[in-house]
Amino acid sequence: MTTSCILPNRRTLPLRTACSVARSDSSSSSNRPRMPSATWRLTSSTQPRSEPEPEAPKPPSLDAAENYINRDLGRPPYSPSAEHWFGTNVLGQDIFERSVYSVRTAFEIGLVVAALSTLLGAALGALSGWYARTWVDGTVMWLKGVLDAIPFYLFVAAVAYALQGQPWAMHLAMVATFWTTTGRLVRAEVLKLRGQDFVRAARTIGLSDAKILLRHVLPNTSHILLVQGTLALVAAIKTEVILSFLGLGVQDGVSWGLMLAESTQEVPAGHFANFAAASGMLFALLMGFNLLADALQDAMDPRQASL
């Protein structure tokens, strides 16, 4: 950078003094820091500032969902109250109402299975006993032996799984196995009745075998059928609960088995309402029908009546 020396007037300063002053001004101006220009300030101010991206919303936790469901109840989730006797589950459903409604499911399945298995066992047992020591008796006894040789719950689970998706899969699986006990008892009773005098009299007057079986023999096995039907109802209810617990039974309805399956996730967290309600209702129902079956057996047993 060149430094010019301005000649002063003769009246003001000498030449050497004026040049030194000019050099000092130029050196001080070169050492002075440069300020940013107005153009740069304008450009920098007009550029858009990069704002941070908003964070993605976090999914609500299970505790938040439970608190939202029970926000109007004024109590912690699952806890019983005057409105909900056994509390609520994660979805806010009343556990007591579900356990009571499951009685309907148990009776719908139990009654159908008990009726069909009892009728099938009575028919096959009567045929086997009436035509004893023939191919009919041999076929029925062979089929019964095959079904009894297979483990009960394994066979029922296999049939229910093979017919999964069918509305009557579980019913068919239980009917196919429950008739064997009834058939064995009816066969033994028919073998005893076929030699009685009233059967011989019916044959003497020319009645056919079908009429003798329907009018005279099977009515005398009613005490066996009634007791076995009650026991089959109890067994059907238990089996339905087990299959529903395993995911092979009731799928879209309400069942004690489904409630017990839900409780496997709730019991480790300290919530026992589902487990206690389902198991308590099941125990009470099965105990009541077992006592009823024992009372019917004692009342209708001919040996007890003779005493």
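The model is a predicted one. The protein has 13 helices and zero strands, and 35% of its 307 residues count as buried. Among contacts with a separation of 6 or more, 63% join residues 24 or more positions apart.

**Helix α12 and its surroundings**

- Helix α12 runs over residues 273–300 and has 28 residues.
- From its first C-alpha to its last, α12 reaches 41 Å, close to the 40 Å expected at 1.5 Å a residue.
- Its buried residues are Ala273, Asn274, Ala277, Ala278, Leu282, Leu285, Leu286, Phe289, Ala293 and Leu296.
- These buried residues of α12 pack against α4, α10 and α11.

**Where α11 meets α12**

- Helix α11 (residues 256–266) packs on α12 at an angle of about 145°, and the two axes are 8 Å apart.
- The crossing of α11 past α12 is left-handed.
- From α11, the contact is made by Trp256, Met259, Leu260, Glu262, Ser263 and Glu266.
- From α12, the partners are Asn274, Phe275, Ala277, Ala278, Ser279, Met281, Leu282 and Leu285.
- Sorted by class, this contact of α11 with α12 holds nine nonpolar, three polar and two charged residues.

**Leu260, a residue to look at in α11**

- Leu260 sits in helix α11, and it counts as buried because its relative accessibility is 15%, under the 20% cut-off.
- Leaving aside residues up to four places away in sequence, Leu260 touches Val241, Phe245, Phe275, Ala278 and Ser279.

**Where α4 meets α12**

- The axes of α4 and α12 come within 10 Å and cross at roughly 35°, and this crossing is right-handed.
- On the α4 side, the contact is made by Ile95, Phe96, Arg98, Ser99, Val100, Ala106 and Phe107.
- On the α12 side, Ala273, Asn274, Ala277, Met281, Leu285 and Phe289 take part.
- By class, the contact of α4 with α12 has 10 nonpolar, two polar and one charged residues.

**The nonpolar cores**

- The largest nonpolar core has 20 residues, and those with the most contacts inside it are Ile109, Val113, Met170, Met174 and Leu243.
- Two or more residues of this core come from each of α4 (95–130), α5 (135–149), α6 (152–162), α7 (169–193) and α10.
- Helix α7 gives the largest share of this core, six residues.
- Ile109 touches Met170, His171, Met174, Glu240 and Val250, not counting residues up to four places away in sequence.
- A second, separate core has 18 residues, including Ala106, Val241, Ala277 and Leu285.

**Val175 in α7**

- Val175 is found in helix α7 and counts as buried because its relative accessibility is 11%, again under the 20% cut-off.
- Its contacts, not counting residues up to four places away in sequence, are Val113, Leu116, Ser117 and Leu120.
- Val175 and Val112 are 63 residues apart in sequence, while their C-alpha atoms are 9.1 Å apart in space.

**Helix α10 and the residue after it**

- Helix α10 (residues 222–246) has 25 residues, so at 1.5 Å a residue it should span 36 Å.
- Just after α10, Gly247 takes a positive phi of about 90°.

**Arg133, in the loop between α4 and α5**

- Arg133 lies in the loop between α4 and α5.
- Arg133 has a positive phi of about 65° although it is not a glycine.
- For context, most residues other than glycine have a negative phi.
- Arg133 is exposed, because its relative accessible area is 79%, over the 50% cut-off.

Methods. Residues numbered from 1 in each chain as written. Predicted model: local features only at pLDDT ≥ 70, side-chain atom pairs only at ≥ 80, totals over all residues. Heavy atoms only, no water. Helix = DSSP H or I, 4+ residues; strand = E, 2+ residues; numbered from the N terminus. Expected span 1.5 Å × (residues − 1). Axes fitted to C-alpha atoms, helices over the stretch in contact; angles between N-to-C directions. Left-handed = near helix turned anticlockwise from the far one by under 90°. Contact = heavy atoms within 4.5 Å. Nonpolar A, V, L, I, M, F, W, Y, C, P; charged D, E, K, R; others polar. Core = buried A, V, L, I, M, F, W, Y, C linked by side-chain atoms within 4.5 Å. Buried < 20%, exposed > 50% of the residue type's maximum accessible area, 1.4 Å probe, protein only.
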